[in-house]
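My entries follow in the order in which I checked things.

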Amino acid sequence: MLTPDPRTLRSLLTRYADLRIAEARGEKRDGQPLEDVSRALCAATGTTRVEDALAAADALLAAARARGTRTARTTPKLAA
């Protein structure tokens, strides 16, 4: 599995939290943004349930912090 960029995961988690808070407050949104961000979280983490995606995202971000990296991408080395 490809490791998603930590910035992308943080962005998805923030959007998910914002939408859940808005939903709890009874705010109405056009379309289905909560479902969309939930699907994106599942796709990014390779899971099928949002609860699993949230746990996986937390674990991936913790692993990235432990590695001391800001991003999960690697920079290719150019041949001299």
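How many residues does helix 3 have, and how far does it reach from its first C-alpha to its last? I find 18 residues, 50-67, and a reach of 25 Å, close to the 26 Å expected at 1.5 Å a residue. The expected span is 1.5 Å times one less than the number of residues. Helices here are DSSP runs of H or I with at least four residues, strands are runs of E with at least two, and both are numbered from the N terminus.

I note the provenance: this is a predicted model, in which local features need pLDDT of at least 70 and side-chain atom pairs count only at pLDDT 80 or more, while totals for chains, interfaces and linings use all residues. Residues are numbered from 1 along each chain as its sequence is written, and side-chain values use heavy atoms, with hydrogens and water left out.

**Whole chain.** I count three helices and zero strands, in the order α-α-α from the N terminus on. Of the 80 residues, 30% count as buried (under 20% relative accessible area with a 1.4 Å probe, protein chains only; exposed is over 50%, partly exposed in between).

**Burial in helix 3.** I looked up which residues are buried and got Val50, Ala53, Ala56, Ala57, Leu61 and Ala64. Seen down the axis of helix 3, these fall within an arc of 135°, so they line one face of the helix. The arc is taken over the directions from the helix axis to the C-beta atoms. The buried residues pack against helix 1 (6-24) and helix 2 (33-45). Just after helix 3, I see Gly68 with a positive phi of about 75°.

**Helix 1 against helix 3.** I find that the two axes come within 10 Å and cross at roughly 140°. Axes are lines fitted to C-alpha atoms, for helices over the stretch in contact, and angles run from 0 to 180 degrees between N-to-C directions.

**Leu61.** What is Leu61 in contact with, leaving aside its neighbours within four places in sequence? I get Pro6, Leu9, Arg10 and Leu13, where contact means heavy atoms within 4.5 Å. Leu61 and Leu9 are 52 residues apart in sequence and 7.7 Å apart in space, C-alpha to C-alpha. Leu61 counts as buried because its relative accessibility is 8%.
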